[in-house]
Amino acid sequence: RDVASLQAALILEGIYPPDGQTKNECGITGYFGKCTETGVRQFQKKYDIFPATGIVGEKTREILNRLY
């Protein structure tokens, strides 16, 4: 459920599915796979979270919670 919410937030950010991927390849699945990791990495870069690891850590979670 948390991952599906994350994927929905990334869609609202306009960064999911990641560049070069389709909605069929990277849908809202609730599974934290490569597509979600890439989307998180793009989110981190967008909000100047470095290093952009693709892992939802404290700083990433803080911004996501503030926005969504």
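Me: Let's start with Gln-44. Which residues does Gln-44 touch, leaving out those up to four places away in sequence?
Reply: Gln-44 touches Ile-49, Ala-52, Thr-53, Gly-54, Ile-55 and Thr-60, where contact means heavy atoms within 4.5 Å. Before we go on: this is a predicted model, so local features need pLDDT of at least 70 and side-chain atom pairs 80 or more, while totals for chains, interfaces and linings use all residues. Residues are numbered from 1 along each chain as its sequence is written, and side-chain values use heavy atoms, with hydrogens and water left out.

Me: Where is Gln-44 placed?
Reply: Gln-44 belongs to helix 2, residues 34–46. Helices here are DSSP runs of H or I with at least four residues, numbered from the N terminus.

Me: And is Gln-44 buried or exposed?
Reply: Gln-44 is buried, at a relative accessible area of 1%. Buried means under 20%, exposed over 50% and partly exposed in between, using a 1.4 Å probe and protein chains only.

Me: Switching to rings, how many aromatic pairs are there?
Reply: The count comes to 1 aromatic pair, taking rings of Phe, Tyr and Trp (its six-membered ring) with centres within 6.5 Å. The rings of Phe-43 and Tyr-47 have centres 4.7 Å apart and planes at 40°, so the pair is tilted. Planes under 30 degrees apart would be stacked, over 60 edge-to-face, and the rest are tilted.

Me: What about the accessibility of Phe-43 and Tyr-47?
Reply: Phe-43 is buried at 1% relative accessibility, whereas Tyr-47 is partly exposed at 28%.

Me: New topic: how do helix 1 and helix 2 pack?
Reply: Their axes are 10 Å apart, at an angle of about 50°. Axes are lines fitted to C-alpha atoms over the stretch in contact, and angles run from 0 to 180 degrees between N-to-C directions. Helix 1 and helix 2 are therefore oblique to each other; under 35 degrees counts as roughly parallel, over 145 as roughly antiparallel, 65 to 115 as roughly perpendicular and the rest as oblique.

Me: Which residues make that contact?
Reply: Leu-6, Gln-7 and Leu-10 of helix 1 meet Thr-36, Gly-39, Val-40 and Phe-43 of helix 2.

Me: Last one: which peptide bonds to proline are cis?
Reply: The bond from Tyr-16 to Pro-17 is cis, with omega near 0°, and so is the bond from Phe-50 to Pro-51. Pro-17 lies in the loop between helix 1 (2–12) and helix 2, while Pro-51 is in the loop between helix 2 and helix 3 (58–67).

Methods: Helices (H or I, at least four residues) and strands (E, at least two) are DSSP runs, numbered from the N terminus.
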